[in-house]
Amino acid sequence: MLPMTTRAVNTLRGNHTIRIYAAAFAAHGGVVDNLPVVSGSVVVDASSQVRRTASVGIGQSDLWPVDPYSILSPLGSEMLISYGIILQDGQTEWIQILRGPITRVTRTVPTSGEDAAILVDVSDRSSKVAQARFDAPAQTVAGATTVAEITRLITDVLPDVTVFDRTGDTKVAPQLEMERERWNDGIEKLADSIGAEVYADETGNFIIRTQPTISDPPVWTLDAGEGGILLGEDDETSRDLTYNRVVASGQRVDGTPPVYAVVSDTNPFSPTYISGPFGIKTRFYASPLLTTTGQCTSAATSLLARVNGRHMDVSFKALTNPALEAGDVIRLRFEDRDEVHIIDRVEIPFRPGDQQQIKTRSPALPEELDA
C-alpha cells in the first residue's frame, strides 16, 4: 500500500470529500496543471504488463490536441494524477496514483451536461519500455547480475528513471538471448528466474520486488456490516490454480540432461499437504536462466509459495482507498468469518461517492512447461 498518514486512514473510513489533481507535460517542456477532471479512474492490474492505466475525462473542449506538440498529444505528452483526501481540518493529503504517457485522446462533439469534453487514456511508463523492441537479437551482459540486467534494459530506454531493487538478489544472470521483445523476452524472464516481478510505480519509476504471497502481512482491513467499508462481494473458489508440488528445470540445447529441482508442500497441517487428501498436483516450470540445482530450487520454492493454498476469485465493492496496490494483502472481515486475500486488480474512481472495485485472486503465473 502506498504511504498514507493515520489521519488520512481514519478519514477514509468515514464521510469525507476528495479532490483529483491532474497535470499534463508536453514533449517540448510545456506544462498545464489543475486540468478540469470531471470523471474517470485509475486501474492497477497485477495480471497486466502495463500495471497502471487511467481513463481521464476532461471538461474543457479547447484542450483538444490540434497538433503533435499540443499539451494532450499522445505523441509525447505525459500526465500526472493525484488523489486528494480532504481531512477534517480542511487540509488535503495528496497521494500520487499515476505518472505516464498519454496513449489516446478522444472527444464527442457536442457535449452536454457534465459529460467529459475530452477522454484521455494514460498508461504507466512500462509501456514505453515494452514498445522499445530490439532491432536484432540481443544478449545479457556476461557477469552482470540479474537485477543489473533488468535495470539496464529499462534505463537504456528511460535513462532518467530510477529502478529500485527490493529483492537484494545478487545472482549472476546466465546468458539469455532476447529475440525482439525487450519486456517479455528479457525483463519478464529475468524476473521470473529470481521469483520477482517488475513494474512501473505511481511516480514513473520502476520496482523490482519479490512476488507477493498470501503469507505477507495484511495492509488494509475491510469490514462488512453496519459502519463497515465493505459494500458487497461475489465469490468463487476452486482448485484449478492450486498446486502442492513444483518442478523447476533449466533448458539445454546441447543434448545433456537439464538441471532440475522438486519442491513440495511438506507441512502436515496444510490443506494441500503432499501426503494428504488433496492428492498430488504438480506445476512444471522451465527457464533457460536456471543453470544450477540451487537456482532451480529457489525458483521452485518461490513458485510454490504463489500456487499453494486455496485459490479464490473475489470481486467486491468498498469505500475507496487510493493507496491500495495490486499485490497488497488485505483482510476481509465478516460477521461469521475472517479471510486474507491478495489484490489482483483495483480501480480508483475519481467521482466522489463512487464505490471502489477490487478483485482478489492468485497472482499471475509464469507460463507452464508443455502447457
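I call a residue buried under 20% relative accessible area, exposed over 50% and partly exposed in between, using a 1.4 Å probe and protein chains only. By that rule I log phenylalanine 206 as buried, at 0%.

Housekeeping next. I am working on a predicted model, where local features need pLDDT of at least 70, side-chain atom pairs count only at pLDDT 80 or more, and totals for chains, interfaces and linings use all residues. I number residues from 1 along each chain as its sequence is written, and side-chain values use heavy atoms, with hydrogens and water left out.

**Aromatic pairs**

I describe a pair of aromatic rings by the distance of the centres and the angle of the planes. Rings of Phe, Tyr and Trp (its six-membered ring) pair if their centres lie within 6.5 Å; planes under 30 degrees apart are stacked, over 60 edge-to-face and the rest tilted. How many aromatic pairs does this rule give? I get two.

Tyrosine 21 and tryptophan 94 have ring centres 6.2 Å apart and planes at 70°, so I note them as edge-to-face. Tyrosine 21 sits in strand β1 (residues 18–25) and tryptophan 94 in strand β6 (residues 92–107), so this pair ties together parts 73 residues apart in sequence. My strands are DSSP runs of E, at least two residues, and my helices runs of H or I, at least four, numbered from the N terminus. Tyrosine 21 comes out partly exposed at 23%, and tryptophan 94 is partly exposed at 43%.

Tryptophan 183 and phenylalanine 206 are tilted, at 6.5 Å centre to centre with 45° between the planes. Tryptophan 183 is in helix α4 and phenylalanine 206 in strand β12 (residues 206–210), so parts 23 residues apart in sequence are tied together. Are these two buried or exposed? Tryptophan 183 is buried at 4%, and phenylalanine 206 is buried at 0%.

**Helices α3 and α4**

I looked at how helix α3 (residues 146–155) packs on helix α4 (residues 182–193): the angle is about 155° and the axes are 9 Å apart. Axes are lines fitted to C-alpha atoms, for helices over the stretch in contact, and angles run from 0 to 180 degrees between N-to-C directions. α3 and α4 are therefore roughly antiparallel (over 145 degrees; under 35 is roughly parallel, 65 to 115 roughly perpendicular and the rest oblique). From α3 the contact (heavy atoms within 4.5 Å) takes in Thr146, Glu149, Ile150, Leu153 and Ile154, and from α4 Arg182, Gly186, Ile187, Leu190, Ala191 and Ser193.

**Single residues**

I find methionine 79 in strand β5 (residues 78–86), and at 0% relative accessibility it counts as buried. Leaving aside neighbours within four places in sequence, methionine 79 has contacts including Ala22, Leu35, Val56, Leu98, Gly100 and Val122.

Lysine 281 is in the loop between β16 (260–264) and β17 (282–286). Not counting residues up to four places away, lysine 281 touches Arg239, Asp240, Leu241, Thr242, Tyr243, Asn244 and Arg245.

Asparagine 34 is in the loop between β2 (31–32) and β3 (37–45). Its phi is near 50°, a positive value in a residue other than glycine. Asparagine 34 is exposed, at 56%.
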